[in-house]
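Please open the model in a viewer and colour it by confidence. The stops below say what to select next and what is found there.

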Amino acid sequence: MPSRSHEIPLRLVQNQPALAPVLLREVLDYPLPEYSEVASTSEALTNCDPKEWNVDSAVVLRQGTRTVLGVAVESQGRADPDKHYSWPAYLGLLRGRLRCPVVLVVLCPDEAAARWCARPVDVGHPGFVLRPLVIGPDDLPVVAEVERARELPELAVLSAHAHGSGDVRTLKALVEALDATADRNRAFYYDYVLSGLNEAARRELEGLMSVETYEWQSDFARKYVGIGREEGREEGREEGREEGRAQGVARSVIGVLEARGFTVSDQVRARIRSCTDLGVLEAWVPKAVTVQAPEDLFD
């Protein structure tokens, strides 16, 4: 079964096909043709027996109605000699289907995998040598600007995952990126970045995501985080500041879980609402973004 480290970079490209030409241009210095549209295309490269070839992800660049470039995107975490046979096939089949130039981009989670994937593949025909365009973590750009993070959140996610342990600016940019992306993407984007950070960086990101640290700008935050702050202030005037803030943050925790599609049981809901420790409640807010079930919040 593919791992999360394999699947999530591909999900980033599938969610935002415009990420592919950005990586080609900014990381690989590939001379892109003029294009007016970027779109995902079918990963299935054949439609008949005896074998179906499926690239991990595929993107097309179009100029008007004309397809000008096809991009086969693979996620590869280890050496796999079979890829030296399938990768040339992917490009040949994709080129035949699209009737345009095609390139292979390989995303690697570590530098060892990147070095292996970058090896030339000698197909055997004179002059036919495939040199995959490989992107390892060290190759990814550092996204530290708010505008850039909000413009292309998926690039900020890749940047924070690769560089967040050594550059806190990428974590601050990630918060802006999460603020700007669709509701359905936030939980696993956040989870993916956390999985790549060291302990100090994890604590830093969790602190940036807390209700008292970040001045949230979007509906996401105002709905799931800011609501706790505002309701806490209002209720605090009537019931005491600390108690009111705790109740507001408890609502935020429940709101995040429900926004992720969980059904919050009466028992879990009661346990969250009965907690009066503001520090614990604030720690539950970012944790609610990544747990696999509401009950895991208390582990």
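**Confidence along the chain**

Colour the chain by pLDDT (the predictor's confidence in each residue, from 0 to 100): the mean is lowest in helix α11 (residues 226–239), at 42, and highest in strand β7 (residues 133–135), at 97. Helices (H or I, at least four residues) and strands (E, at least two) are DSSP runs, numbered from the N terminus. Next, select residues 211–222, where the pLDDT is below 50 and the model has 37 contacts beyond near neighbours in sequence; contact means heavy atoms within 4.5 Å. Residues 224–241 also stay under 50, with 40 contacts beyond four places in sequence. Where pLDDT is low, the predicted coordinates should not be read in detail. The chain as a whole averages a pLDDT of 83, and 83% of the residues score at least 70.

This is a predicted model, in which local features need pLDDT of at least 70 and side-chain atom pairs count only at pLDDT 80 or more, while totals for chains, interfaces and linings use all residues. Residues are numbered from 1 along each chain as its sequence is written, and side-chain values use heavy atoms, with hydrogens and water left out.

**Helices α2 and α6**

Select helix α2 (residues 19–27) together with helix α6 (residues 153–163): their axes come within 9 Å and cross at roughly 55°. Axes are lines fitted to C-alpha atoms, for helices over the stretch in contact, and angles run from 0 to 180 degrees between N-to-C directions. The angle makes α2 oblique to α6 (under 35 degrees is roughly parallel, over 145 roughly antiparallel, 65 to 115 roughly perpendicular, and the rest oblique). Show the side chains of Leu19, Val22, Leu23 and Glu26 in α2, which meet Glu154, Leu155 and Leu158 in α6.

**Helices α7 and α8**

Move to helix α7 (residues 168–180) and helix α8 (residues 183–195), which pack at an angle of about 160° with axes 9 Å apart. The two helices α7 and α8 are therefore roughly antiparallel to each other. Leu174, Leu178 and Asp179 of α7 make the contact with Arg186, Tyr189, Tyr190 and Val193 of α8.

**An aromatic pair**

How many aromatic pairs does a search of the whole structure find? The search finds two, where ring centres of Phe, Tyr and Trp (its six-membered ring) must lie within 6.5 Å, and planes under 30 degrees apart count as stacked, over 60 as edge-to-face and the rest as tilted. Select Trp284 and Phe298, an edge-to-face pair at 5.3 Å centre to centre with 75° between the planes. Trp284 lies in helix α14 (residues 278–288) and Phe298 in the segment after α14, 14 residues apart.
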